[in-house]
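Me: Please take a close look at one part of this model, the place where the two chains meet. I would like a connected account of what lies there.

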Amino acid sequence: MSAQRAPASAPLGVVILCHTALHRVAAVVRFWLAASCPVVLHVDRAVPEADLQALRAELGAQPLLRFGPRHRCDWGSWGLVAATQDSAALLLDDFPDVTHVLLTSGSCLPLRPVAEMLATLQARPCVDFIESVPVAHGEWILGGLGEERFTLYFPFNWRRQRWLFDRAVELQRRLRVARRVPRPLVPHLGAQWWCLTRATLGAILKDPARPHYERYFRRTWIPDEAYFQTLARLHAAEIESRSLTLVKFDRNGRPNLFYDDHLHLLRRSECFMARKIWPEAAQLYDFFLNNRAAKLDPVPPEPARIDRYFELAAAQRRDGRAGLYMQSRFPREDASRVKSAGPYSVFWGFDQIFADFDYWLGQVSGLRVHGHLYAPERVQFHGGAKVWHGALSDAAAIRDYHPRMFLTNLLWATRGERQCFSYGPSDHMDHELDWFMATDMNARLSMITGAFALSIFRSGQTGPELIARLTEAHKREQEFLAILRSRWAVAEIRIHGLAEALGAPQQVLGGAIEGVADAPARAIHGWPALRSLDGFDAFVAGLSKQGLPPQLRKDLTL
Amino acid sequence: MSVLKQLKLRGKRQAKLLRALRKSMSLRLRINRTDLIRPRDILVFVTLRNEVARLPFFLDYYRALGVGHFLIVDNASDDGSAEYLLEQRDVSLWSSSASYKDASFGVDWINHLLWRFGPGHWVLVVDVDEFLVYPFCDTRPLSALTDWLEAQGRPAFSAMLLDMYPKGPVTAQPYCAGQDPFEIARWFDPTNYIIRRNSELQNLWIQGGVRLRAIMRDTPAQAPALNKIPLVFWARKYAYVSSTHMLLPRGLNRVFDESGGEQASGVLLHAKFLDTILGKTEEELRRGEHYAQSREYRAYDAMLHRKDSFWCEWSTEYINWRQLEILGLMSKGDWA
């Protein structure tokens with residue numbers, strides 16, 4: 001009726017669905033109007049009348065602006081589709097020059113001048129830009145239901161009535177409810193924000209079967225991701241299944257917000273629109289609505305960089321940094337097989353067999369090798385340091401207060417440098433620490449069993465306590481061995497008997513330092529000398545007479 | 001959780017709230033500007049005593065982050081703190097001359113003010129020497145964080161206490177009113193923190209840093225707790241249990257991920273170790289109003305008299321939040 005009086009306009013019309021941050025919406029509306037693009041604004045029915053009046057007053061009388069009939073637009077509700085239908089119909093009726101309709105939200109921001117967008121659309125005038133993926137290809141969905149969106153009924157709101165929602169789904173699954181999709185529709189899903197041609201959109205709105213389809217879609221889940229996406233497949237001449245709007249979803253399927261500090265990222269986008277913009281991101285609104293880029297050097301598009309930025313954030317939330325224990329990452333014992341920040345080597349008994357073992361290992365590996373980190377008196381950091389990386393103290397009391405965290409802190413603070421240290425029955429052994437190391441993929445534990453006897457032998461001690469000390473050390477070693485031999489142990493574990501190590505010392509040592517020290521370094525520094533064992537046989541023989549337990553005697557017989 | 005346990009915790013929470021009400025009797029209103037609070041304002045709650053030198057920088061720091069209003073309890077200052085605060089247009093002030101210790105080290109007073117003014121707001125409960133650092137704090141106001149937390153359905157945000165100290169004796173460089181304390185106390189311990197689970201309230205218990213390394217090295221179990229949950233979207237049924245270390249209901253304490261991922265978290269830079277500690281230490285030793293018979297203060301006193309330095313060769317100099325994130329002291333989680 002009003003075709004003659006209809007104002008001339010650009011060929012692109014915009015539908016904006018908004019419910020909050022109306023002052024930003026007003027700015028975006030003015031951006032479109034300035035380029036002669038007609039706008040139909042849908043303001044959620046939940047917005048107070050006063051706010052709406054303020055918005056109307058702010059925008060003033062505009063020949064190219066209409067307000068669409070208001071619906072209540074809950075997340076994922078039919079209201080969103082109804083609002084879009086009514087507003088799009090109004091746009092097509094009132095502005096005959098419009099050949100394309102862009103659907104956006106109140107928190108979308110145009111990233112490029114309108115002219116660029118018009119050029120893209122006019123280059124391929126019959127193409128509909130709408131992400132539309134067959135539901136059978138489930139990858140599109142981030143958490144949530146797939147095909148069942150179309151085959152079950154969804155009378156409850158997922159956000160507000162979660163319990164009822166879940167029960168309703170469960171019940172229908174049990175009853176094997178299977179709604180039939182109206183022919184000839186093939187369910188498709190995609191992002192809500194699209195740009196359709198007048199022909200396609202008009203055909204969808206005027207489809208004689210529209211009431212029939214609507215009845216069906218009203219009871220599907222999140223119809224705003226399915227209705228137009230499915231019907232476009234029926235009516236479109238040519239679909240390009242991508243959205244012109246950049247949206248990055250988080251793990252919960254919510255769009256990530258863009259802030260002022262994302263300016264450099266957004267400039268690298270190929271998209272024409274971005275959502276969601278944080279309403280207070282004044283710099284973004286200023287930059288893009290006023291085309292500040294015109295005065296700057298052009299930036300080549302790098303959409304992969306934007307993807308990577310958000311993928312990294314998602315990975316940090318999902319996987320975290322291995323070996324980090326802190327206030328907001330404190331994995332349970334069994335949460336992962338890699339429990340520490342980097343590989344480390346633990347040597348059990350090696351310093352009793354080889355002369356100056358720590359020094360030699362440092363020479364051939366180029367690493368700063370520690371002594372017994374868990375020595376009872378103090379932590380034997382490399383070089384006798386009193387503090388080490390991370391400001392770790394050498395105080396035994398602090399270390400023994402939480403032996404496992406002492407180790408994980410050390411490994412975190414020195415990540416990038418393999419840690420090597422000695423450990424043995426004379427140390428402050430800790431059950432939790434032993435289990436931790438045995439079940440940590442980063443640990444390499446090399447053991448020479450029975451070597452503790454050499455240290456007791458060299459202490460020169462005699463008398464009845466000697467056997468008690470040996471028995472005690474043997475017991476601790478057996479407990480540690482039991483942990484290493486359990487079926488939960490995943491560390492790289494090498495266990496050698498004392499006789500075996502003394503018989504083939506280079507082989508045992510070579511295995512323990514494989515990959516830690518390379519062959520040329522070993523060639524330069526040679527193998528370490530063996531420590532003297534003079535008198536050890538007599539020592540064991542003497543103990544046997546005093547009643548050394550048979551198991552222990554066996555282990556110590558060379 | 002058994003019903004009995006639930007009832008027990010509920011009883012504990014209600015007792016905490018009742019106690020707050022009872023202890024609030026000693027609060028005397030000095031100035032009430034709470035009518036200026038707008039619906040979405042972030043509110044800061046503080047208890048203090050004789051902090052006039054620190055106040056200018058403190059208030060400006062949080063104003064710059066976009067805090068809307070400060071609700072402050074003055075515990076009988078005699079250095080002009082109250083007079084200074086009365087002049088600030090975004091401060092409401094109460095005073096109490098009752099015992100800080102009897103008021104659970106100020107928690108009861110704060111719980112009461114939270115109960116009255118906190119519901120429906122994001123509240124930040126800090127001391128005058130605690131400065132919140134959160135992901136992107138150099139480019140995004142605090143409301144960006146609280147908006148995001150709210151959208152994620154997370155009502156509480158963790159920010160552990162990070163003790164900062166100068167290089168050299170603590171009292172060597174005087175602190176002037178209005179000065180950024182981290183011009184002096186620029187150093188911290190990066191990786192010596194010990195964490196345990198507290199099964200009753202499901203929070204993490206963190207100890208460590210310089211106070212463990214330098215002061216409590218022989219008695220680590222007595223090292224002060226560093227876990228803090230200072231930023232909460234408040235509801236009337238909530239209560240802080242012990243300082244801002246933990247809350248009831250205990251679900252609020254689940255600010256960490258247990259399956260390997262990282263939740264977003266921040267840090268409270270702790271500017272305790274400035275020359276101002278000298279006067280504080282002497283006063284607190286006289287009053288005996290601090291935690292665990294002021295044991296910590298006695299240790300400071302001994303240390304200050306020896307003119308020891310907290311600094312060690314593996315101390316790290318503070319740069320910004322990104323540095324703290326790389327060190328693993330805080331995390332941006334998936335806030336991108």
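Reply: A salt bridge here is a side-chain nitrogen of Lys or Arg within 4 Å of a carboxyl oxygen of Asp or Glu. In this predicted model, the side chains of B:E258 and A:R332 form such a pair, with N to O at 3.9 Å. Because the cut-off is within 4 Å, the 3.9 Å pair of B:E258 and A:R332 counts as a salt bridge. Between chain B and chain A the count is five salt bridges. Polar contacts across the interface of chain B and chain A come to 41 residue pairs, both residues of each being at pLDDT 80 or more.

On the side of chain B that touches chain A, two or more residues each come from helix 5 (142-152), strand 8 (159-163), strand 10 (193-198), strand 11 (203-208), helix 6 (209-215), strand 15 (266-270) and helix 9 (321-326) of chain B. Helix 5 of chain B supplies the largest share of that side, six residues. Sorted by class, the side of chain B that touches chain A holds 29 nonpolar, 16 polar and 15 charged residues.

As for the extent of the interface, 60 residues of chain B are in contact with 47 residues of chain A. The two chains, B and A, bury about 4500 Å² between them, and 52% of that area is on carbon and sulfur atoms.

Technical notes:
Residues numbered from 1 in each chain as written. Chains lettered and ligands numbered in written order. Predicted model: local features only at pLDDT ≥ 70, side-chain atom pairs only at ≥ 80, totals over all residues. Heavy atoms only, no water. Contact = heavy atoms within 4.5 Å. Buried area = accessible area lost by both parts, 1.4 Å probe. Polar contact = N/O pair within 3.5 Å; in protein donor to acceptor, adjacent residues only side chain to side chain. Helix = DSSP H or I, 4+ residues; strand = E, 2+ residues; numbered from the N terminus. Nonpolar A, V, L, I, M, F, W, Y, C, P; charged D, E, K, R; others polar.
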